[in-house]
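Here is a short tour of one packing arrangement and its surroundings. Please take a look at the structure below before reading on.

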Amino acid sequence: MKTALLRIGITFLVLLWFQMVAGTLDNLRKRAEAGVADAQYKLARMYLSGDGVPKDAAEAAKWHTKAADQGFAAAVFALGVMYAEGEGVPKDFELYQQILGLVEPWRVESVTLKPQEREIEVRVGFADTLW
């Protein structure tokens, strides 16, 4: 009897968790479609990694582009990396360099690609011309 109740309880918790995740994803998608840059970036990262959605690099590039168009810095860098690697977009290293140039008035001090973690580490500082 206790085992059956435990199974029912675990099943209920798992179903509740799936329902919460689905609701969160729906909310995130609605915010992204409404033009919220942070939500667009998060949705792009999910598509890039396949976390909670089917892995789709082209869809990730689409959402990164929308967030980058609003000046969301992390999306700008992520989109640049996608162009450098040709993931979801045509490979274009020159465009990657141009995209990194969009961060003015910041000065990019170093860029470290971490392909295994699907991340990019960027160190920035103020451009000397501001002072």
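Helix 2 passes helix 4 in a left-handed crossing, meaning that the near helix is turned anticlockwise from the far one by less than a right angle. This is a predicted model, where local features need pLDDT of at least 70, side-chain atom pairs count only at pLDDT 80 or more, and totals for chains, interfaces and linings use all residues. Residues are numbered from 1 along each chain as its sequence is written, and side-chain values use heavy atoms, without hydrogens and water.

The axes of helix 2 and helix 4 lie 10 Å apart at an angle of about 30°. That makes the two helices roughly parallel (angles under 35 degrees). Their contact (heavy atoms within 4.5 Å) involves these residues:

| Helix | Residues in the contact |
|---|---|
| Helix 2 | Tyr-41, Arg-45, Leu-48 |
| Helix 4 | Ala-74, Ala-75, Ala-78, Met-82 |

By class, this contact has six nonpolar, no polar and one charged residues.

His-64 counts as buried because its relative accessibility is 0% (the cut-off is under 20%). Leaving aside neighbours within four places in sequence, His-64 touches residues including Tyr-41, Arg-45, Leu-48, Ala-75, Ala-78 and Met-82.

Met-82 also features in the largest nonpolar core, which has 29 residues; Leu-43, Tyr-47, Trp-63, Met-82 and Tyr-83 touch the most other members. Such a core joins buried nonpolar residues through side-chain atoms within 4.5 Å. Helix 1 (2–33), helix 2 (37–49), helix 3, helix 4 (73–85) and helix 5 (93–101) each give two or more residues to this core.

Notes: Buried means under 20% relative accessible area, exposed over 50%, partly exposed in between (1.4 Å probe, protein chains only). Helices (H or I, at least four residues) and strands (E, at least two) are DSSP runs, numbered from the N terminus. Axes are lines fitted to C-alpha atoms, for helices over the stretch in contact, and angles run from 0 to 180 degrees between N-to-C directions. Angles under 35 degrees count as roughly parallel, over 145 as roughly antiparallel, 65 to 115 as roughly perpendicular and the rest as oblique. Ala, Val, Leu, Ile, Met, Phe, Trp, Tyr, Cys and Pro count as nonpolar, Asp, Glu, Lys and Arg as charged, and the others, Gly among them, as polar.
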